[in-house]
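This report describes selected features of one protein chain. The sequence and the three-dimensional structure are displayed below.

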Amino acid sequence: MTEMKKAEELIGYISKLNTFPKFGRVVRVVGLMIESQGPVSSVGDVCHIHLNNGKDSIILAEVVGFREEIVILMPYTSINDISSGCLVESTGKPLEIKVGMNLIGKVLDSMGNPIDKSALPKGLSTVSAEQEPPNVLSRKSINEKLAVGVKAIDGMLTVGNGQRVGIFAGSGVGKSTLLGMIARNTTADLNVIGLIGERGREVREFIERDLGPEGLSRTIVVAATSDQPALMRIKGAFTATAIAEYFRDKGMNVMLMMDSVTRVAMAQREIGLAVGEPPATRGYTPSVFSILPKLLERTGTNEVGAITAFYTVLVDGDDMNEPIADAVRGILDGHIVLDRTLANKGQYPAINVLKSVSRLMNHIASPEHVKAAEKLRELYYTYDKSEDLINIGAYKRGTSREIDEAIEFEPHITNYLKQSYKDNVNMEDSISELISLAPGGGSR
Ligand SMILES: Nc1ncnc2c1ncn2[C@@H]1O[C@H](COP(=O)(O)OP(=O)(O)OP(=O)(O)O)[C@@H](O)[C@H]1O
Ligand SMILES: [Mg+2]
């Protein structure tokens, strides 16, 4: 009897054995791509490539495609020591990272390791960097405001807890400064900031100058600089998102900021072109447009918590119809446009409220607040339309009651929208000031 049982146990064990070959061999290296015969794997799986350099070292690579029987891999690091015949071992799963409360205040690389090479703190949990977006039916609806401490946003473009917003701007218009302000001022429980494709110097400047010690103490930064391989830059975006998801699953309200999604798209284009995808719109390959919703849909609410997200998009010469800007704008629930003409005039933050929109504001702000914001927007629009005429003295007062009113209000509105990067204005004050500023809304 016991013999029978033993035999059954053994059969059970054998049937559970993974008999698929886990190993393969490098057959070719072309540029950044490594081709290997085997192992059996899926796209996205991480593989260890064992180097033949006598030092027992491995490098990490990821399966990015297949060509007939050949597995195409891309390395996470440089590939100096790879030679033909190196053993390729599949881990059978995508990249995993370690997450926990003890990471708050740390600056990490795309693999989730501290960038200063210090050891990871203890007590962290392992999560996969690639996750599915929350089920649409399990997402809580967004009906609470989230303060970001920036008057122009809290007052005119109110953001909901769990809303996803794009920040569209050219270079040097104040993206990093604005993200730093939001990180320091927001009432979210913690921030996760992904810095993708920036130069090394910019990462340091952002952490020291824009975020500051106070901002960093409630933030986890993931940085993938421009000198790193394309795959690492993409992983930086996925890792930052996975960290935010971990805290959302704990029921927290997380603020995720990613600077910039354009650089993520460019990294995916590099990979797409290298694996032989055809270039489509402006050289971007089809996979760029499939990766964007996959990444951006992961944030927002789930059944227990919320990730409010700000994604920056670089717009060349303020061309809002550039393909990445267009794709991102279609996925998100609002966009904030930073305008170079405002920055040149010294109006910071350079938010152009006429070109920006928060699609959820009407659901989450009080009717009085929405009405006041609409009225100010109308006045500002009227002024903006006639500004050239006014400035050259071609407009005569008394010609139009509407324009006269707009001229009277313009300095007050501009003054309201301006805010020093050092100031943190609480949301209630921003809203009550806005209501009292609007005609018929209070003191004016
Ligand atoms: N709120 C602000 N108050 C005053 N000056 C500002 C403000 N925001 C930005 N600036 C000015 O604009 C410059 C560029 O800002 P910032 O680095 O934030 O722009 P960026 O869009 O992140 O630039 P890049 O495209 O190079 O990343 C700053 O060095 C500063 O001089
Ligand atoms: Mg910047």
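This is a predicted model: local features need pLDDT of at least 70, side-chain atom pairs count only at pLDDT 80 or more; totals for chains, interfaces and linings use all residues.

In which loop is Asn-143 placed? Asn-143 lies in the loop between β9 (125–128) and α2 (151–156).

Gln-419 is located in the loop between α12 (401–417) and α13 (427–437). Is Gln-419 buried or exposed? Its relative accessibility is 8%, so Gln-419 counts as buried, for which the value must be under 20%. Beyond its neighbours within four places in sequence, Gln-419 is in contact with Gly-149, Val-150, Lys-151, Met-181, Asn-185, Tyr-348, Pro-349, Asn-424 and Val-425. Ala-350 is 69 residues away from Gln-419 along the chain, yet the C-alpha atoms of this pair are 9.8 Å apart.

## The enclosed strand β12

Strand β12 comprises residues 219–224. Because six of its six residues are buried, β12 is largely enclosed by the rest of the structure. In a regular strand, side chains alternate between the two faces of the sheet. In β12, Thr-219, Val-221 and Ala-223 point one way, whereas Ile-220, Val-222 and Ala-224 point the other way. The residues of both sets are buried.

Which strands are joined to β12 by bridges? Strand β8 (residues 107–108) runs parallel to β12 and is joined to it by two bridges; in this pairing, Leu-108 has Val-222 as its bridge partner. Strand β11 (residues 190–196) also runs parallel to β12, with six bridges between them. Ile-196 stands opposite Ala-224 of β12.

## The six-stranded barrel

A barrel is closed by six strands in the order β1-β2-β5-β4-β3-β6, with antiparallel pairing. From one strand to the next, the twist averages 45°.

One of the pairings is that of strand β2 (residues 33–37) with strand β5 (residues 70–75), which is antiparallel and extends over four bridges. Within this pair, Gln-37 has Ile-70 of β5 as its bridge partner. Strand pairing in a sheet, whether parallel or antiparallel, takes place through backbone hydrogen bonds.

## The largest pocket

The largest pocket contains about 580 Å³ of space. Its lining consists of 32 residues, and those nearest the centre are Ser-171, Gly-172, Lys-175, Glu-202 and Leu-314. By class, the lining has 16 charged, nine polar and seven nonpolar residues.

Helices α3 (175–185), α4 (200–216) and α6 (261–274) each contribute at least two lining residues. Which element supplies the largest share of this lining? That share, six residues, comes from α4.

## The second largest pocket

The volume of the second largest pocket is about 350 Å³. Nineteen residues line this pocket, and Val-43, Glu-62, Gln-268, Ile-291 and Lys-294 are the closest to its centre. The lining divides into nine nonpolar, five polar and five charged residues.

Elements that each supply at least two residues of this lining are β4 (58–67), α5 (230–249), α6 and α7 (286–296).

Methods
Residues are numbered from 1 along each chain as its sequence is written. Chains are lettered from A and ligands numbered from 1 in the order in which they are written. Side-chain values use heavy atoms; hydrogens and water are left out. On a 1 Å grid over the protein atoms alone, a cavity is a set of points where a 1.4 Å probe fits but cannot get out, and a pocket is an open set with protein on both sides within 12 Å along at least five of seven lines; lining residues have an atom within 4 Å of a point. Grid points are joined across faces, edges and corners, and a volume is the space filled by probe spheres set on the points. Ala, Val, Leu, Ile, Met, Phe, Trp, Tyr, Cys and Pro count as nonpolar, Asp, Glu, Lys and Arg as charged, and the others, Gly among them, as polar. Two strands pair if DSSP finds at least two bridges between them. Axes are lines fitted to C-alpha atoms, for helices over the stretch in contact, and angles run from 0 to 180 degrees between N-to-C directions. Buried means under 20% relative accessible area, exposed over 50%, partly exposed in between (1.4 Å probe, protein chains only). Contact means heavy atoms within 4.5 Å.
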